[in-house]
Amino acid sequence: MSETRPYSEEITRTKPSCIAFIVDQSGSMAEGFDDVPAEESAKAQAAADSLNRCIANIIMRCTKDEGIRDYFYVGIWGY
């Protein structure tokens, strides 16, 4: 059974996409997760690692033999 998607569009240099990240910067991000103390892995560090992996993945997708291609606009907002 195939999945029906309500909307799809090819991402190209003439039709780039926008990816927006919203990052929690509140005091609770210094805490650890329920089963992991903050000294081992704070929520802020996990969020930063995840965001860095996402941005690295975006960069890899935009890197071609000819150079960097503008396929995405990236916005990051902290609150």
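Predicted model: local features only at pLDDT ≥ 70, side-chain atom pairs only at ≥ 80, totals over all residues.

Is Val23 buried, partly exposed or exposed? I looked up its relative accessibility and got 22%, so Val23 counts as partly exposed. The cut-off for buried is under 20%, so Val23 does not count as buried because its value is 22%.

**Around Val23.** I placed Val23 in strand S1, which covers residues 17-23. Next I asked for its contacts, skipping residues up to four places away in sequence, and got Leu51, Ile76, Trp77, Gly78 and Tyr79.

**Leu51.** I followed the contact list to Leu51 next. Leaving out its neighbours within four places in sequence, Leu51 is in contact with Val23, Phe21 and Ile76. Leu51 also turned up in the largest nonpolar core, which has five residues: Phe21, Leu51, Ile58, Cys62 and Tyr71. Helix H1, residues 43-62, gives the largest share of this core, with three residues.

**Lys64.** Then I went to strand S2, residues 63-64, where Lys64 is found. I got 37% relative accessibility for Lys64, so I've logged it as partly exposed. Its contacts, again without residues up to four places away in sequence, are Arg69 and Tyr71. Tyr71 is also one of the core residues I had listed above.

**Whole chain.** Zooming out, I counted one helix and four strands in the protein chain. Read from the N terminus, the order is β-α-β-β-β. Of the contacts between residues at least 6 apart in sequence, 58% join residues at least 24 apart.

How does the radius of gyration sit against that of a compact globule? For 79 residues I'd expect a value near 12 Å for a compact globule, but the protein chain has 17 Å. The C-alpha trace spans about 45 × 40 × 25 Å along its principal axes. Buried residues come to 13% of the 79.

I got an accessible surface of about 6700 Å² for the protein chain, with 52% of it belonging to carbon and sulfur atoms.

How values were computed
Residues numbered from 1 in each chain as written. Heavy atoms only, no water. Helix = DSSP H or I, 4+ residues; strand = E, 2+ residues; numbered from the N terminus. Rg over C-alpha atoms; globule rule 2.2 N^0.38 Å. Buried < 20%, exposed > 50% of the residue type's maximum accessible area, 1.4 Å probe, protein only. Contact = heavy atoms within 4.5 Å. Areas by Shrake-Rupley, 256 points an atom, 1.4 Å probe, with all protein chains shown as cover. Core = buried A, V, L, I, M, F, W, Y, C linked by side-chain atoms within 4.5 Å.
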